[in-house]
Amino acid sequence: PPSRPPCVAMRVPMAPLSLLLALSLLSPWGSAVGTCPQRCVCASNLLSCSQANLSVVPAPLPRFTAVLDLSHNNVTRLRADWAPARLPHLHALLLSHNGLAFVSTEAFAHVPRLRHLDLSSNRLRTLDENLFSDLGELEVLLLYNNEISTVDRTAFENLGRLRKLYLGQNRIARFPLELLREGSRLPQLALLDLSANRLRAVPAGELQALPAWLRDRLYLHNNPLLCDCLLFQLLDRGRRRHLSAVEDFKDELRCSLPGESSLTTKILDLAGKQPLNCSKAREAVLEAHLGDTVTLGCDSRWQGVRGRHWVTPGGERVLGDGGSNGSVVLLANGSLQLRALRPEDSGTYSCWVAGPLLNETLYVELLVHNFTLHGPHDTLNTAYTTLVGCILSVVLVLIYLYLTPCRCCCCRGSEKPPAPRDDSINSSVLSTTPNHAGGTGEPCGSHVASSGGTGQNGRFKGGGTPPLPTRQGPKAQRKVSDPDSVSSVFSDTPIVV
């Protein structure tokens with residue numbers, strides 16, 4: 001009809017137009033909420049606005065942004081409304097080198113999935129209360145090269161997954177022990193950088209009681225520390241264990257001797273040096289098992305000791321009967337006795353001895369294996385298992401020797417030549433019926449009489465091919481089954497070819 005060509009001509013340009021519209025809707029940057037901000041570079045779910053001379057965070061931000069780089073700009077204040085919409089996919093936020101001096105306590109409410117936060121090289125002076133409490137999935141927090149001098153004890157509340165905390169190159173004068181004590185505030189913290197601060201003293205005794213994974217990655221170099229024998233022994237143990245926090249910065253680990261604040265010396269060179277004359281810490285390793293009672297010796301070389309106490313791996317000081325349930329007892333000779341050992345008793349025990357000239361520290365590393373060494377149940381189980389195994393072995397041997405089935409019950413009185421040794425493999429005890437040379441139902445006695453070459457169960461010896469019987473009739477082509485084949489062992493009837 002005449003109206004068909006115009007209709008066809010109208011549909012031809014509509015197809016590519018609708019396709020472009022669909023592609024624009026599916027594209028991440030096609031909608032209004034997904035428009036790439038000016039002066040930024042967008043690639044997939046990455047948004048880089050670094051060195052874009054920005055004073056505020058660009059808006060709106062695409063909801064699917066996973067990595068947002070705002071470093072090297074002039075964003076000096078991070079308010080609560082910098083991300084007015086929730087960014088559920090954002091896991092890395094980079095804000096270094098911005099001159100950032102203020103961060104709102106609600107600044108991270110819309111980015112709950114953040115795992116990497118870089119606030120380094122800014123002008124932050126304080127870490128306020130509950131500053132990072134909305135970041136329950138945060139793993140790495142970079143705060144180095146700021147002006148931080150005050151750290152609120154709740155600033156890192158709710159950071160249960162934080163593994164690395166960098167606080168180096170700040171103005172912290174007091175060691176933030178609340179970050180580590182009890183292991184509840186930052187339970188997974190494995191690296192703490194406090195280098196290049198203003199620390200003059202650190203609680204070496206309590207640091208020694210920290211978990212090994214945190215104690216071994218505690219960076220304290222480039223601090224104006226006062227020389228102390230406990231600190232020396234703590235670092236000396238780290239050197240003997242080849243810890244990177246000690247070995248890589250042994251020249252930067254320095255301290256000031258009493259009365260010589262202007263002069264510093266290497267902390268690791270304090271052994272035998274006046275006026276402290278620090279002695280190297282001695283260390284022993286002891287292994288035990290669950291339920292055991294062990295005694296940790298504190299064999300100090302000093303006579304006339306003024307004071308002595310132990311510190312458990314959990315940081316608890318033992319002065320007398322230290323255990324709440326009587327499991328930890330300080331003996332009269334200074335040794336520590338542990339009763340009814342549990343797996344949580346493993347760790348490093350420290351014995352602090354106050355001598356007449358200097359103090360001494362002895363460390364005992366206790367390893368508690370999670371099983372008993374000679375428990376009565378283990379002995380009973382082993383003996384029972386051995387007895388049952390022996391009985392089963394005897395029964396199986398008796399079955400093999402005396403209960404081998406004999407199929408020729410009617411031939412017990414007939415004389416039968418013994419089978420040679422080389423036929424033991426070919427003869428079968430699993431076959432339910434013997435292989436017959438013929439198809440007739442003669443009694444087995446006739447076979448024994450007429451065939452002197454048969455072995456056990458009527459089989460031919462395996463030395464060669466058994467002769468074919470002379471038969472007449474339609475079944476004359478039937479052959480004897482091969483004694484070495486699987487069918488001859490497990491089949492009741494011969495193979496018909």
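This is a predicted model: local features need pLDDT of at least 70, side-chain atom pairs count only at pLDDT 80 or more; totals for chains, interfaces and linings use all residues.

Colleague: Why is the disulfide of Cys-40 and Cys-49 described as right-handed?

Modeller: The handedness follows from the torsion about the S-S bond, which is about 110° here, so the link of Cys-40 and Cys-49 is right-handed. The disulfide of Cys-36 and Cys-42 is also right-handed, with 90° about its S-S bond; its sulfur atoms lie 1.9 Å apart.

Colleague: How many disulfides does the structure hold?

Modeller: There are four. One of them is formed by Cys-229 and Cys-278, whose sulfur atoms are 2.0 Å apart. With -85° about the S-S bond, this link is left-handed. It connects distant parts of the chain, 49 residues apart: Cys-229 belongs to helix α5, and Cys-278 to the loop between β16 and β17.

Colleague: Are Cys-229 and Cys-278 buried or exposed?

Modeller: Buried means under 20% relative accessible area. Cys-229, at 11%, therefore counts as buried, and so does Cys-278, at 3%.

Colleague: What describes a pair of aromatic rings?

Modeller: Such a pair is described by the distance of the centres and the angle of the planes. Three aromatic pairs are counted here. Among them, Tyr-219 and Phe-249 are edge-to-face, at 5.9 Å centre to centre and 85° between the planes. Tyr-219 lies in strand β13 and Phe-249 in the loop between α6 and β15, so the pair ties together parts 30 residues apart in sequence.

Technical notes. Residues are numbered from 1 along each chain as its sequence is written. Side-chain values use heavy atoms; hydrogens and water are left out. Rings of Phe, Tyr and Trp (its six-membered ring) pair if their centres lie within 6.5 Å; planes under 30 degrees apart count as stacked, over 60 as edge-to-face and the rest as tilted. Helices (H or I, at least four residues) and strands (E, at least two) are DSSP runs, numbered from the N terminus. A disulfide is a pair of cysteine sulfur atoms within 2.5 Å. Buried means under 20% relative accessible area, exposed over 50%, partly exposed in between (1.4 Å probe, protein chains only).
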